[in-house]
Every structure is written in structure tokens, then in C-alpha cells.
Amino acid sequence: MAAQAQQQEMINQMVAGAVEAMEASVDAELQKLDKMDEDDLEAIRERRLKQMQKAQEKKQEYKNLGHGKYDTITSEKEYFEICKKSDRVVCLFYIDTSFRCKIVDKHLAQLCEKHYEARFIRLNAEKAPFLTERLKIKVMPTILMAKDAVVCDRIVGFDDLGNSDNFPTSLLEWRIAQSKVINYSGDLTRPPVEEVKEKKMVKIQRNLRQEEFSSDSELDD
């Protein structure tokens, strides 16, 4: 009992110390505000307005480049042109017969509206034999992340997404953010596991699941 009482007392002292430190920090900030005159406050407001204006101008610039939308492109040439204009690109390589590609579509359509800083596109792998071969894309879906026209990361199938069809958009967002192509305010060291539903592998036909893609066999028909 004595040991427990001593341990509790130590905990109480630690909590009290933390509270005192927090109060001291708040007091210091309040003192800074008290010492500010009208010119100081006006300078802060002007700086904030300039930051907001700059952010709005950047968003408009991104919008003019097609950011904020999830577009289907139809050629390899278009892919290269987009990568030249936008410094951050997220591209889904898909095939029409893959059900999991449609799942990714749903999530990327949401993320593109949230992350104006990146261009979100999709390209049918069957119409891009040169790219799929050059980038060694063999599994559908594959999401490529590119910075400054260079592929910096990729998500192959659902292996990084819990191997489940039921992953939340926030998990895909976190995984894409690992490549630094989108801004992320959360903890990059830990996935948002609290939002991941219990893993359940949905039993569906082979041609609807994550599958290997062969450019030779698919494109020669």
C-alpha cells in the first residue's frame, strides 16, 4: 500500500508540473500580446492576408492545370505532358475488367478535391504499352506517384492497404503521403488504423480481383 501511495504521489507531482509548465507558456504568450501595439497587430494581419492571398493564387494556378479533378487520360503522350506541367502527379494504371481498379477510382475521386497540390489522373494500361513496359507495371491496379516528372513511389495492388477491399480513403491518403506528393497533417509514421475496418477478403471471381497484367497477351488481341 505504501508503495502504491508513493507511486500515486509521484504521478500527481508530474501532472502538477506539466500543468504549471503549460500555464507558464500561456502566460508568456499573453504577455507578448499585451506588449504589442496597434502597429504590431496590423503587421500580423497584413502578413496573414498576404499568406492567404498567395495560397489562393497558388490554388488557382493548380486549378488552371487541371488539379482538383480526377481525369481519365487516353495516351502516353498526355501522361508525359501532364508530368511536365505539374510537379506532383498521382496516376492510376487500370484495366476495365478489374473490380479493384473501380474501388481505387472511388477513393481518388475524393482525394483529388482535397489535395489541390497534386494532379490526379487515370490511364488505361492497355492503351499505354510503352509506359507499362518501361515502368514494369504488371499488377492492376497500380498507382504511380511522380515528382518533377520522375516516378518516386508506387502502390501495387492492395498489399499496402491491408489487402482488403474495404480500406478507408484515409488509409490510401496516408499511403500516398509517404511519397511526399500530397500534403499531410497527420502522423506519417503510423497509419490511421482506428479507421480501418476488420479485414475481410471478399470472395469474388478471379477476373475481378487484383490480377497480373501482361501487355503481350492483353494487347495483341
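Biologist: Where is Pro141 found?

Modeller: Pro141 sits in the loop between strand S4 (139-140) and strand S5 (142-147). Keep in mind that this is a predicted model.

Biologist: OK. Is the peptide bond from Met140 to Pro141 cis or trans?

Modeller: That bond, from Met140 to Pro141, is cis, and omega is near 0 degrees. For background, most peptide bonds are trans.

Biologist: What about backbone phi, which residues other than glycine have a positive value?

Modeller: Two to look at are Ala149, with a phi of about 70 degrees, and Asn163, with a phi near 50 degrees. As a rule, most residues other than glycine have a negative phi.

Biologist: Where are Ala149 and Asn163 found?

Modeller: Both are in loops: Ala149 is between S5 and S6, while Asn163 is between S6 and helix H6 (169-177).

Biologist: Is Ala149 buried, exposed or partly exposed?

Modeller: Ala149 counts as partly exposed, because its relative accessible area is 49% and the exposed class starts over 50%. Asn163 is partly exposed too, with a relative accessible area of 33%.

Biologist: Which elements supply at least two residues of the lining?

Modeller: Helix H3 (76-85), helix H5 (129-134) and strand S6 (150-156) each do. H3 gives the largest share, with 4 residues.

Biologist: What else is Asp153 in contact with, leaving aside neighbours within four places in sequence?

Modeller: Besides Arg175, Asp153 is in contact with Ile143, Leu144, Met145 and Ser179.

Biologist: Now Arg122. Is Arg122 buried or exposed?

Modeller: Arg122 is buried: its relative accessible area is 15%, and the cut-off for buried is under 20%. Arg122 is part of strand S3 (residues 119-124).

Biologist: What does the Arg122 side chain have a polar contact with?

Modeller: Its partner is the side chain of Thr72, at 3.0 Å. With neighbours within four places in sequence left aside, the contacts of Arg122 are Tyr70, Asp71, Thr72, Ile73, Leu92, Tyr94 and Asp105.

Biologist: Zooming out, how many helices and strands are there in the protein?

Modeller: The protein has 7 helices and 7 strands. Reading from the N terminus, the order is α-α-β-α-β-α-β-α-β-β-β-α-β-α.

Biologist: What share of the residues count as buried?

Modeller: It's 35% of the 221 residues. The accessible surface is about 14,400 Å², and carbon and sulfur atoms account for 51% of that.

Biologist: Last one: among contacts between residues at least 6 apart in sequence, how many join residues at least 24 apart?

Modeller: For the protein, that figure is 70%.

Note on methods:
Residues numbered from 1 in each chain as written. Predicted model: local features only at pLDDT ≥ 70, side-chain atom pairs only at ≥ 80, totals over all residues. Heavy atoms only, no water. Buried < 20%, exposed > 50% of the residue type's maximum accessible area, 1.4 Å probe, protein only. Contact = heavy atoms within 4.5 Å. Areas by Shrake-Rupley, 256 points an atom, 1.4 Å probe, with all protein chains shown as cover. Polar contact = N/O pair within 3.5 Å; in protein donor to acceptor, adjacent residues only side chain to side chain.
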